[in-house]
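Open the model in your viewer and keep the selection panel at hand. We will go stop by stop.

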Amino acid sequence: MNPDEHVSSPARPTGSPVQINGPRDGHTRSATVAPGSLIFTAGAAPVDEFGATVAPGNVSEQARQCMVNLETALSEAGASLADVAKVTVFVAEHLQADLVVAWDVVTEFFGDHRPAGSLLGVSVLAYDDQLVEIEAVAAVPA
């Protein structure tokens, strides 16, 4: 999927194992997961189909590519962004404003679904020129 083809996640269907508790003060503080299967993704990196880092130096575009890759990983496991209970975003930049730029892209992709989340500034990530990495925990019914 091309980053420009993204459509926000739909409202959570009835019977979902994920219950978002909140949000309060604009932030979801927790999510509850009913019995079912949990999916733990590896960190989605901003790489294209050839393994090249996209948009060196551009936090927003790298976050967008990470989310596209996260959607693909979730889909391969039988889930979608609407099934995510927890998301963690890592940003290798020194300015707090760059963390907010990445988070804005992430929340755009999730639409009305607001999983619990953490946003972390880190010193370095795995790939050359990589600024963003995103991982998630999702739940699907048993």
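Start at the beginning of helix H1 and select asparagine 58 and serine 60. A side-chain oxygen of asparagine 58 comes to within 3.1 Å of the backbone nitrogen of serine 60. Keep in mind that this is a predicted model.

Now select the whole of H1, residues 59–76. Its 18 residues should span 26 Å at 1.5 Å a residue, and the end C-alpha atoms are 26 Å apart, so the two agree. Step just past the helix to glycine 78, which takes a positive phi of about 85°.

Go back and colour the buried residues of H1. They include Val59, Cys66, Met67, Val68, Leu70 and Leu74, and also Gln62, Arg64, Gln65 and Glu71. What covers them? Show strand E4 (84–91), helix H2 (96–110) and strand E6 (132–141), which are among the covering elements.

Next, the largest nonpolar core. It has 27 residues. Select Met67, Leu70, Leu81, Val84, Val89, Val132 and Ile134, the residues with the most contacts inside it. H1, E4, H2 and E6 each supply at least two core residues. H1 gives the most, with seven. In general, nonpolar side chains tend to be buried together in soluble globular proteins.

Zoom in on leucine 70. Beyond residues up to four places away in sequence, leucine 70 touches Thr41, Ala44, Leu81, Ile134 and Ala136.

Move to E4. Seven of its eight residues are buried, so E4 is largely enclosed by the rest of the structure. Which strands pair with it? E6 pairs with E4 in the antiparallel sense, over seven bridges. Strand E5 (residues 116–121) pairs with E4 in the parallel sense, over six bridges. Pick valine 89 to find leucine 119 of E5 standing opposite. Then trace the chain from E4 through H2 to E5: this β-α-β crossover is right-handed. On the E6 side, pick valine 87, which stands opposite alanine 136.

Last stop: histidine 113, in the loop between H2 and E5. Is histidine 113 buried or exposed? Its relative accessible area is 8%, under the 20% cut-off, so histidine 113 counts as buried. Display its contacts, leaving out neighbours within four places in sequence: Val18, Ile20, Leu81, Ala82 and Val84. Now focus on valine 84. The backbone oxygen of valine 84 lies 2.7 Å from a polar atom of the histidine 113 side chain.

Technical notes. Residues are numbered from 1 along each chain as its sequence is written. This is a predicted model: local features need pLDDT of at least 70, side-chain atom pairs count only at pLDDT 80 or more; totals for chains, interfaces and linings use all residues. Side-chain values use heavy atoms; hydrogens and water are left out. Helices (H or I, at least four residues) and strands (E, at least two) are DSSP runs, numbered from the N terminus. The expected span of a helix is 1.5 Å times one less than its number of residues. Buried means under 20% relative accessible area, exposed over 50%, partly exposed in between (1.4 Å probe, protein chains only). Contact means heavy atoms within 4.5 Å. A polar contact is a pair of N or O atoms within 3.5 Å; within protein, one must be able to donate a hydrogen and the other to accept it, and residues adjacent in sequence count only if both atoms are side-chain atoms. A nonpolar core is a set of buried Ala, Val, Leu, Ile, Met, Phe, Trp, Tyr and Cys residues joined through side-chain atoms within 4.5 Å. Two strands pair if DSSP finds at least two bridges between them. A crossover is right-handed if, with the strands pointing away from the viewer, the path from the first strand over the helix to the second runs clockwise.
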